[in-house]
Amino acid sequence: MDYKNLKQNDETVYKLILKEQGRQARELEMIASENYVSPAVMEAMASLLTNKYSEGYPGKRYYGGNQVIDDVETLAIERAKRLFGADHVNVQPLSGSPANAAVYMAFLKPGDKVLGLKLDHGGHLSHGHPVNFSGMLYNFVQYGVDSKTGRIDMDEVEEIAKKEKPKMIVAGYSAYSREIEWERFKTIADKVGAYTFADIAHTAGLIAAGEMDSPVGIFDIITTTTHKTLRGPRGAVIMCKEEYAAQVNKAVFPGMQGGPHDHITAAKAVAFGEALKPEFKVYAAQVIKNAKTLAAEFAEKGYRVISGGTDNHLMVVDMTNKGLSGKEAEAVLDRIGISVSRSTVPNDPNPPMNPSGVRFGTPALTTRGMKEEEVKRIAGWIEAAIENRENIEVLDSIKNEVEELCEAFPVPGIHNS
Ligand SMILES: *Cc1c(COP(=O)(O)O)cnc(C)c1O
């Protein structure tokens, strides 16, 4: 994109975008929830479809002039169905949290009991955090990961489910690096008469590519963001069995939202189209290979990787034995041009604003074309920066190496300048 009109009409915003473009081009993105969309997705997002209002659904709109928009939304739905093998898909949710809000609205009443993963064990805000709508409106009870293995203890899930009799069980997380036992969750839910709700926001791209186990066909309801491993625009979708289609649609609109963002719907369709191609499977497989390589490098360098490794695109690393907090590690890595996000570790003794761990992810590196060899170099830089965190010369020299690597692996659609 050349932004020539923006440059002419609003130089302030233009310059800010250029500055961020420079950061994205010259720094390594290792935040597990981030990625780079293709130029094609970017163009759809920036299209004139943003001018339209289309409350309702294809063929049933509350505004005129929606013939083309109906085709756009139907295309996005059809591609998503094909990609995930889902019966019914709603492509209107504006983002992951609103999608989850719509799911709760469709299946629960305020005060109903829901079983989800503890937040400091890898759950998401919208899975019952007290400061979030989910924790305010619904009665969340929690399961955790086993303190030795770092994995979800399914026997504990069953025990809590039998005791608490929740109306819904949530699986799918923001900072959990292992396969999820979808079948076992379903068996437990059936024993207590609970709905099964999978939130695959993080792993959707890996699941769509067939590189991880899918909850589709097992769970009642599935949500995902479209902008993480799936590599589409910011947004979300809800998938469900046909029998729940009407109540899910009604909860999204008019329950939670007004008009859908049609330019984003078009970009979702483009991203789903990309994910249906063979290249996407290669990308997803490489994301996992890169993450496994990174986890092995950390382990070899004496870091405590939660659960001892990873099956997906991310891992949480406890920084305690290296003598710094997650927040301090985040700042050191920022200094050398590597973006990460601090993270709690299971049963973290420290508060969420200054937790003990760091979450690392490989989707964005992989989209740039990086493979195991580059990941090993990056792991070496991370270790060197943490060991030499007081040494400005060392940090500067690593930062230069990071920039050189970034130049060799440009972000799709972003010119290094
Ligand atoms: C990222 C994430 C979301 C929410 O996404 P937003 O689009 O930021 O609202 C929901 N659930 C899980 C598990 C996530 O990781």
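Arg178 and Asp311 are joined by a salt bridge, with their closest N and O atoms 2.9 Å apart; the term stands for a side-chain nitrogen of Lys or Arg within 4 Å of a carboxyl oxygen of Asp or Glu. The model is a predicted one, in which local features need pLDDT of at least 70, side-chain atom pairs count only at pLDDT 80 or more, and totals for chains, interfaces and linings use all residues. Residues are numbered from 1 along each chain as its sequence is written, and side-chain values use heavy atoms, with hydrogens and water left out.

The protein chain is divided into domain 1 (43-275) and domain 2 (286-408), with bounds that come from an automatic or database domain assignment. Taken over C-alpha atoms, the centres of domain 1 and domain 2 are 29 Å apart. Domain 1 brings 21 residues to the contact and domain 2 brings 22, where contact means heavy atoms within 4.5 Å.

Between them, the two domains bury about 1,600 Å², and 53% of this lies on carbon and sulfur atoms. Buried area here is the accessible area (1.4 Å probe) that two parts lose on being put together, summed over both. On the side of domain 1, Asp120, Ser177 and Arg178 lose the most area to domain 2, together making up 33% of what that side buries.

How many salt bridges are counted between domain 1 and domain 2? The count is 1. Polar contacts across this interface amount to 14 residue pairs, both residues at pLDDT 80 or more. Such a contact is a pair of N or O atoms within 3.5 Å; within protein, one must be able to donate a hydrogen and the other to accept it, and residues adjacent in sequence count only if both atoms are side-chain atoms.

In the whole structure, a search finds 26 salt bridges. Another example links the side chains of Lys15 and Glu11, at 3.9 Å from N to O. Lys15 and Glu11 are separated by about one helical turn because they lie 4 residues apart in helix α2 (residues 11-26); helices (H or I, at least four residues) and strands (E, at least two) are DSSP runs, numbered from the N terminus.

Strands also deserve a look. Strands β12 (residues 314-318) and β15 (residues 357-361) run antiparallel and are joined by 5 bridges. Val316 stands opposite Arg359 in β15.

Key
Pairing = 2+ DSSP bridges.
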